[in-house]
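This report looks at helix packing, charged pairs and a surface patch, taking each topic in turn.

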Amino acid sequence: MTAASPAVPAGHGPFRRLASAVAALTGWRRLLLAGLLGVVAAAALPPVYAVPLLVPAFCGALWLLEGAAGGRQAAITGWAFGTGYFSAGLYWVGIAFLVDAERFGWAMPFAVGGLAAGLALFPALGFWLTHLAARRWGLTGIARLFAFAGAWLLGEGLRAWLLTGFPWNLLGTVWAFDPAPMQPAALGGVWLLSLITVLAAGAPAALTAASRRPRLQAAVALLLLALPLAGWGLGAWRLAEAPALGSDAVAGARLRLVQPSIPQALKWRADQRQAHLRLLAELSLSPGGAAPTVIVWPETAVPYLLAAEPRLRQELARLVPPGGYLITGAPRVDPANPEGEIWNSLHALDDSGAVVATYDKAHLVPFGEYTPLRSLLGLAKLTVGTRDFSAGPGPKTLELPGLPGFSPMICYEVIFPGAVKVPAPAPRWLLNLTNDAWFGDSSGPYQHFAAARLRAVEEGLPLVRAANNGISAVVDSYGRVVDQLSLNDRGIIDAELPVAAPQQTLYSYAGNLLYFAELLLTFCVIFVARRII
């Protein structure tokens, strides 16, 4: 059913007059405001965490959506909102193109703009679906708000899985400034946090809509606005029942994380590689706390094919604690076919220099580790070397004598909810090796770390994170930071390995089935609300 003219919010008063004025915008003014509202929403993301700005951003978006004359205008409005949101939230992607500016600097604006415009198709879909549902089923007020929240959540899920997926800056990440409001992720994942956030941020917009029961609508809107506070309270209660931070550790597992902070422009220079290894060795042997049993280096810390270099492994064995391990990132090839496939890998070396465990990165970064449609586009990848990396088989649990089993992840593999471990054998901690030096002193490393902490809360597992540059940290199973090195720091972290949460979290047990359950529940609430409010 198509309306003859766009709907506008009902009622009187300055708040409702503002809603009507926003809904009535057309043309470039409508698109400009939608884009600016997306930029405002992005200010809630790490590291700014201006969460209250989500209220005007999403209320304005809902008013624009209510005034859309048809599905096409609704979708374009959503695309403009998404373009603003992703441009402001992911501007730092362009910094990677300046590492080798002579070759790739020209592509920076196209990369940032193209990425934002492409990802904005998911909010565009959400706006279009909301408009369609509102017109077809006569949704207003609270019912329309739930339709919008469900459509936003659907878009986030599709963004996480389609075309290899890119679930960066899921809206629930805005709560990572404190462990307490992150705790609902243990129940429903970051998806639940995103759903709560959209409902709360858009709740005031429901007050401007006509309703058969305006008092009931106002009461429900206030309850929705208070949802984050309720989640925060639940989180505070959960943390009050948890062991004190740093009080419960795995016996005999003492970690040393090394963050060398090597600038990306120097990292792969042939004349600097030995110096980089010497720096890593010096940091590994520097005075600190109790003698470590495990030394952890970051992603591609070893700039050589470590598995194929026995002399290098023997040299590195001198750093390995007796009976312990050095865990490091390094590229890997098949020794029988060194010119064939190449992997971005993690190796564990024992004190004899033997490689006792290996993990190959499975979720590769497009244009960073491989070039999609290389023969058609004719583009080179940003990283050193002409060969594309190959993908490994996927998540696995590595088990080493003397250590609890752990799930390794390299770089942005840690941002994928429900995809950071295998069910059996179940890991007891998460290990993330990364290199955020590509992105300089920007928002990117903070956003990466926030997503990583959410995985710890979701799975109820401690997270150990070693970055070349970025944020290296030890995080407990409640998302609390035991110790960390900040962006641009050079140094070490000596820490014990925290234990896993005493009880398996609901999200760890059910995984992304809860995402679909949340979508279904939202759909059910829509049809209840449209009948009684």
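Helices are DSSP runs of H or I that span at least four residues, and they are numbered from the N terminus. The model described here is predicted, and in it Leu187 is found in helix α10, which covers residues 185–206.

Leu187 has a relative accessibility of 42% and therefore counts as partly exposed, since that class lies between the limits of 20% for buried and 50% for exposed. Together with Leu234, Trp237, Leu506 and Tyr509, Leu187 forms a nonpolar patch on the surface, and the accessible area of these residues together is about 570 Å². At least two residues of the nonpolar patch come from α12 (227–241), and at least two from α18 (506–510).

Helix packing can be followed around α2. Helix α2 (residues 27–42) packs against helix α4 (residues 71–89) at an angle of about 40 degrees, with 7 Å between their axes, and α2 and α4 are therefore oblique to each other. The crossing in which α2 passes α4 is right-handed. With helix α3 (residues 54–66), α2 makes an angle of about 150 degrees, the axes being 8 Å apart; because angles over 145 degrees count as roughly antiparallel, α2 and α3 are placed in that class. The crossing of α2 and α3 is left-handed.

Side chains of opposite charge can pair when their charged atoms come close. A search of the whole structure finds 10 salt bridges, among them the pairs in the following table.

| Salt bridge | N to O distance |
|---|---|
| Glu66 and Arg144 | 2.7 Å |
| Arg318 and Glu315 | 3.6 Å |
| Glu458 and Arg455 | 2.7 Å |

In the salt bridge between Glu66 and Arg144, Glu66 belongs to helix α3 and Arg144 to helix α8 (residues 141–161), so that the pair ties together parts that are 78 residues apart in sequence. Glu66 counts as buried at 13% relative accessibility, and Arg144, at 6%, counts as buried as well.

The salt bridge between Glu458 and Arg455 lies within helix α17 (residues 444–459), where these residues are three apart and so are separated by about one helical turn. Glu458 is buried, with a relative accessibility of 0%, and Arg455 is buried at 2%.

For the salt bridge of Arg318 with Glu315, the accessibility values are 66% for Arg318, which counts as exposed, and 43% for Glu315, which is partly exposed.

Note on methods
Residues are numbered from 1 along each chain as its sequence is written. This is a predicted model: local features need pLDDT of at least 70, side-chain atom pairs count only at pLDDT 80 or more; totals for chains, interfaces and linings use all residues. Side-chain values use heavy atoms; hydrogens and water are left out. Patches are made of residues with over 30% relative accessible area and no salt bridge: like charges are joined within 9 Å, nonpolar side chains (Val, Leu, Ile, Met, Phe, Trp, Tyr) within 5 Å. Accessible areas come from the Shrake-Rupley method with a 1.4 Å probe; for residues, only the protein chains shown count as cover. A salt bridge is a side-chain nitrogen of Lys or Arg within 4 Å of a carboxyl oxygen of Asp or Glu. Buried means under 20% relative accessible area, exposed over 50%, partly exposed in between (1.4 Å probe, protein chains only). Axes are lines fitted to C-alpha atoms, for helices over the stretch in contact, and angles run from 0 to 180 degrees between N-to-C directions. Angles under 35 degrees count as roughly parallel, over 145 as roughly antiparallel, 65 to 115 as roughly perpendicular and the rest as oblique. A crossing is left-handed if the near helix is turned anticlockwise from the far one by less than a right angle, and right-handed if clockwise.
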